[in-house]
Amino acid sequence: MDGYDRTPRAQRERMTSSALHTPSTPSWSADLAAAGKLPPRYAELVRERFDALAAPGLRDGATVLDLGSGRDPVYPVGTRPAGVRYLGLDVSAHELEVAPPGSYDEAIVTDAAVPVPALEGRCDLIVSWQVFEHLDDLPATVANLRGYLKPEGRLVAMLSGRFAAFALANAVLPARVGNAVASRVLGVPSEDVFPAHYHHCHSSALRRAFREWGSVELEPLYRGAVYFRPVPPALAAYLRYENWAHRRRIETLATHYLLCASP
């Protein structure tokens, strides 16, 4: 596995930009939606829509850059065409090293906001699943990603929203408490929960960050109920608020965004 390391030593010790792969449609929510106990939007398979957007670039002979997935690539070995060259970019060398064998043909260890000249114009597809909210400088990252794509390439990203209830709670809770809550609610080990900054992760800021791109599709999603599942009264109150935001299509209050952009 080839590797570039353009990150200062102190930064390499931090594992802040690898994504926590939060399922966008946990099985419990799909089941409850089917039973009429959650709004119908919770039955939608967002990951399938993500895959459909990525499909044109995930083809034999393509070069794919996986941004920030570390140990858990968006498209594991065996789920991509054999001729795909799959690159992994993450701020943590450790996260890339502990990925399953063969996950990455090249590993690039760097902060995503730092340009990597060797990636310029190489990529047919860039995928990012629940990573943007962990980045310190989203506009700089977006500018770099545009340069990495071929003219006909595309970026497909799923991210959490800055003004979602869980994001606002994350901003006020001590890091240790927030980590413990996320670990319990999402059912993942605490070491798989990474700090989130939500820098520019709302609709108007995202559109500004992508204003130089040729085309941008940004779909707001409203599906934050998983964070309130342990407390039924809180879940009921939260859904009243989320349903209001969804009915009015207040994009700034979206819990997640599905984004597809071409340079």
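**Getting to know the strands, loops and cores**

Trainee: Is cysteine 260 buried or exposed?
Mentor: In this predicted model, the relative accessibility of cysteine 260 is 7%. The cut-off for buried is under 20%, so cysteine 260 counts as buried.

Trainee: And how many disulfides does a search of the whole structure find?
Mentor: A disulfide is a covalent bond between the sulfur atoms of two cysteines. Cysteine 123 is buried too, at 0% relative accessibility. Still, for the whole structure, the number of disulfides found is 0.

Trainee: Which residues touch the most other members of the largest nonpolar core?
Mentor: In soluble globular proteins, nonpolar side chains tend to be buried together. Here the largest nonpolar core has 38 residues. The members that touch the most others are Leu65, Phe132, Leu145, Leu155 and Phe210.

Trainee: Which residues does phenylalanine 210 touch, not counting residues up to four places away in sequence?
Mentor: Phe210 is one of the members of the largest core with the most contacts to other members. With residues up to four places away in sequence left out, phenylalanine 210 touches Phe132, Val142, Leu155, Val216, Leu259 and Ala261.

Trainee: How many residues are in the second, separate core?
Mentor: Cysteine 260, the buried residue we began with, belongs to this second core. Val46, Ala54 and Val109 are also among its members. The number of residues in this separate core is 22.

Trainee: How many of the 6 residues of strand β3 are buried?
Mentor: Strand β3 covers residues 85-90. It runs parallel to strand β2 (residues 63-67), joined by 5 bridges, and also pairs in the parallel sense with strand β4 (residues 106-109) over 4 bridges. Strand β3 is largely enclosed by the rest of the structure, because the number of its residues that are buried is 5.

Trainee: In β4, which residue is the bridge partner of leucine 87?
Mentor: Leucine 87 of β3 is the bridge partner of leucine 65. In β4, the bridge partner of leucine 87 is glutamate 106.

Trainee: What is the relative accessible area of histidine 200?
Mentor: Histidine 200 lies in the loop between α7 and α8, with a positive phi near 65°. Tyrosine 198 is found in the loop between α7 (175-186) and α8 (203-209), and its phi is near 55°. Tyrosine 198 is buried at 9%, whereas histidine 200 is partly exposed, with a relative accessible area of 27%.

Conventions. Residues are numbered from 1 along each chain as its sequence is written. This is a predicted model: local features need pLDDT of at least 70, side-chain atom pairs count only at pLDDT 80 or more; totals for chains, interfaces and linings use all residues. Side-chain values use heavy atoms; hydrogens and water are left out. Buried means under 20% relative accessible area, exposed over 50%, partly exposed in between (1.4 Å probe, protein chains only). Helices (H or I, at least four residues) and strands (E, at least two) are DSSP runs, numbered from the N terminus. Two strands pair if DSSP finds at least two bridges between them. A nonpolar core is a set of buried Ala, Val, Leu, Ile, Met, Phe, Trp, Tyr and Cys residues joined through side-chain atoms within 4.5 Å. Contact means heavy atoms within 4.5 Å. A disulfide is a pair of cysteine sulfur atoms within 2.5 Å.
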